[in-house]
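Subject: Handover of a structure

Dear colleague,

Please find the sequence and structure below. My notes on the structure follow, and I would be grateful if you could read them with the model open.

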Amino acid sequence: MQFHHHGYVSGDPRVQPAAGTGLDRLAELPDETDVLIVGSGPAGMLLAAQLSQYPGVTTRLVERRPGRLEVGQADGIQARSVETFQAFGFAESIIAEAYEITSMNFWSPDPGNPQNIIRSAREHDDPHGISEFPHLIVNQARVLDYFAFCAENGPGRIRPDYGYEFVNLTVRDEGEYPVSVRLRSTAGARQGEIRTVSAKYVVGCDGARSAVRESIGRTLDGDQAFHAWGVMDVLTETDFPDVRTKCAIQSESGSILLIPREGGYLARWYVDLGVVGTDDNHEVRNTPIEAIIAKANDIITPYSLEVRNVAWWSVYEVGHRVTDKFDNVPEQQTETTMPRVFIAGDACHTHSAKAGQGMNVSMQDGFNIGWKLGQVLSGASPDELLCTYSGERQEIAQNLIDFDKEWSTMMAKKPEEFANPKELSDFYTATAEFPAGFMTQYKPSIITGEASHQELAAGFPIGKRFKSSRVVRIGDTNPIHLGHHARADGRWRVYAFADAAAPGEPSALTAWAEWMHDSPHSPVRRFTPKGADIDNLFDVKVIYQQRLEGVDFGRVPPLFRPKSGPFQLVDYEKVYGTLSGDDIFEQRCISRDGAVVVVRPDQYVAHVLPLAATEELTAFFNQSLLVQNPEQHAN
């Protein structure tokens, strides 16, 4: 974490100085706002935290509840989400209070006595080492609390406006604030009153029964599996030996997915209630908690379960649905009309809870649209950037639905329906990268390049998240993870991997750095706002092939020693070398001739280019950024 460059900080450095709209934030919901977020779930709260980094953008978040969420239904935090938490500055804190999943046990009928279950397999949770971050279990309410802290303590000082229920909206073809939103007060002296707020953009994060989705004419399409599950967070007394380990339990009486919760005592039990008839009319949802507990006891025979306290419970039917488009623009008008209303999270996709994806995918929805809105509204990018949201996230949602259908179907199988007892555990291991959140790969667009030079950095696939690796920071000799320094601040990351020459020597890297720093055609000169620090929009770092002793910081090109803040202090955290036995060039298959790896503000690799491809680098950014200095325009 970097601070003090604007003056001495004696308090919590996570609390950033208020700026722009954060200096005089209105206590009451205003009549006009740049962005109106509807719903304070995972997508909405992450979106607020991201937009808080854009103090020139007025953002308000409305929530029909009178206050913060106290008991959340979601609890599984995949490693990709923890990477995201790192960008928002609270990964270490939430890891400390969470339950960490390191393995998963599988139980099936005892071949010698099928009425009883036995442990049939134990699998590592991350057998392929796909992330340095863990798989966590922590209550959704706590995740929202952390994002709320980020939103409230970012420069924009965003806090939820509780007690407002979305009614409907209309989109006009003109005016600075073309989206007219009707809200109903749900609490206080004004309960029941209707008021109208005008916005430039609206993002509906209001759940599976989204009224925002309905207002823009979108529908959830898909099917229902007609299979019901009871879920309960309970404190228990049990002789089941793996109660503190994640388990998939298959017995002749049904199935259970057992997930220990944070704190050392609480556990969540997903209990198979069986097939639901087409004429059930959702009556299964009235199943009492006592019946769920009894069913759980039948499934875990010869073990028993005594529930001492029920923190929360529910019954749900598995459904797999995805919205056809995630914004308000009809498909036939996408070339001529810019979107004004977006939907995210459960408003876009619904599925079972078995793969632990709901909250995780929802947060990535919010991350995706958040920086794009910030860039457009702050004048850094054209409106066309917003057109990329629906296409990118709709495909990811469909992939999730397809995976969840397969996983939830397997979880609901009877033991005799498996080809072999290890079929479920083998599937879990073979597909680990998908539920961990690392199979997302965005297709070429104005913000994701073609793979023409992918071989220069094969370990950073274009369109996939930037997989961090350890390096040594030259300025203070600390070994760190390169990706952990990136923050959710809306900046593009540009990693320059040097060729073999040492700092100060003539090389492709030196020539590239001089061009980036001085040329009127470079992205830094063309797109950085006038008067702003040189790293205001582009966080440019260099990774040398040499070890610590082979890098002389004083001979590093000025591009990697930028000065920032009112006192123009040198930033010492842009220059890195390789670690002995932990060489990032080897680990990520980076060419020894050097390479440029461009990473989007949401941590996905946008492009890989040779150091000599300067014109191609500028051309790439010309697609999604607006020239801030007309005199720097390329001929």
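I begin with Val-197, which is placed in strand β11 (residues 194-204); helices (H or I, at least four residues) and strands (E, at least two) are DSSP runs, numbered from the N terminus. The model is a predicted one, in which local features need pLDDT of at least 70 and side-chain atom pairs count only at pLDDT 80 or more, while totals for chains, interfaces and linings use all residues. Residues are numbered from 1 along each chain as its sequence is written, and side-chain values use heavy atoms, with hydrogens and water left out.

Val-197 has 0% relative accessibility and therefore counts as buried; buried means under 20% relative accessible area, exposed over 50%, and partly exposed in between (1.4 Å probe, protein chains only). Leaving out residues up to four places away in sequence, Val-197 touches Leu-29, Pro-30, Asp-31, Thr-33, Val-179, Ser-180, Val-181 and Leu-183, where contact means heavy atoms within 4.5 Å. Arg-182 is 15 residues from Val-197 along the chain, and their C-alpha atoms are separated by 6.5 Å.

The chain as a whole

The protein chain has 13 helices and 27 strands. Its radius of gyration is 26 Å, close to the 26 Å that the globule rule gives for 635 residues, so the chain is as compact as a globular protein of that length. That radius is taken over C-alpha atoms, and the globule rule is 2.2 Å times the number of residues to the power 0.38. Along the principal axes, the C-alpha atoms fill a box of roughly 75 × 60 × 50 Å.

Of the 635 residues, 57% are buried. Among contacts with a separation of 6 or more, 74% are between residues 24 or more positions apart. The accessible surface comes to about 25,500 Å², and 48% of that surface belongs to carbon and sulfur atoms; the areas come from the Shrake-Rupley method with a 1.4 Å probe, and for residues only the protein chains shown count as cover.

Nonpolar cores

In soluble globular proteins, nonpolar side chains tend to be buried together. The largest nonpolar core here has 112 residues, and those with the most contacts inside it are Phe-147, Leu-373, Trp-492, Trp-512, Phe-538 and Phe-560. A nonpolar core is a set of buried Ala, Val, Leu, Ile, Met, Phe, Trp, Tyr and Cys residues joined through side-chain atoms within 4.5 Å. Beyond residues up to four places away in sequence, Phe-147 touches Met-45, Leu-46, Ala-49, Phe-85, Phe-88, Phe-90 and Met-363. Another core, of 24 residues, lies apart from the largest one and includes Trp-107, Val-276, Ala-296 and Ile-299.

Helix α9 (residues 423-430) has Leu-424, Ser-425, Phe-427, Tyr-428 and Thr-429 as its buried residues. These residues pack against β5 (103-110), β6 (113-124), β13 (246-251) and α8 (388-411). Leu-377 lies in helix α7 (residues 358-377). Its neighbours within four places aside, Leu-377 is in contact with Asp-34, Val-35, Val-57, Lys-200 and Tyr-201.

Trp-313 is placed in strand β16 and, at 35% relative accessibility, counts as partly exposed. Not counting residues up to four places away in sequence, Trp-313 touches Val-231, Met-232, Thr-287, Pro-288, Ile-289 and Ile-292. Tyr-162, in strand β8, is likewise partly exposed, with 31% relative accessibility.

Backbone points to check in the model

The peptide bond from Thr-301 to Pro-302 is cis, with omega near 20 degrees. Pro-302 lies in the loop between α6 (289-299) and β16 (305-323).

Arg-157 is not a glycine, yet has a positive phi of about 50 degrees. Arg-157 is found in the loop between α4 (140-153) and β8 (160-162) and is buried, with a relative accessible area of 16%. Gln-603, also not a glycine, has a positive phi of about 80 degrees. The loop that holds Gln-603 runs between β26 (595-599) and β27 (605-609), and Gln-603 is buried, with a relative accessible area of 12%.

With kind regards
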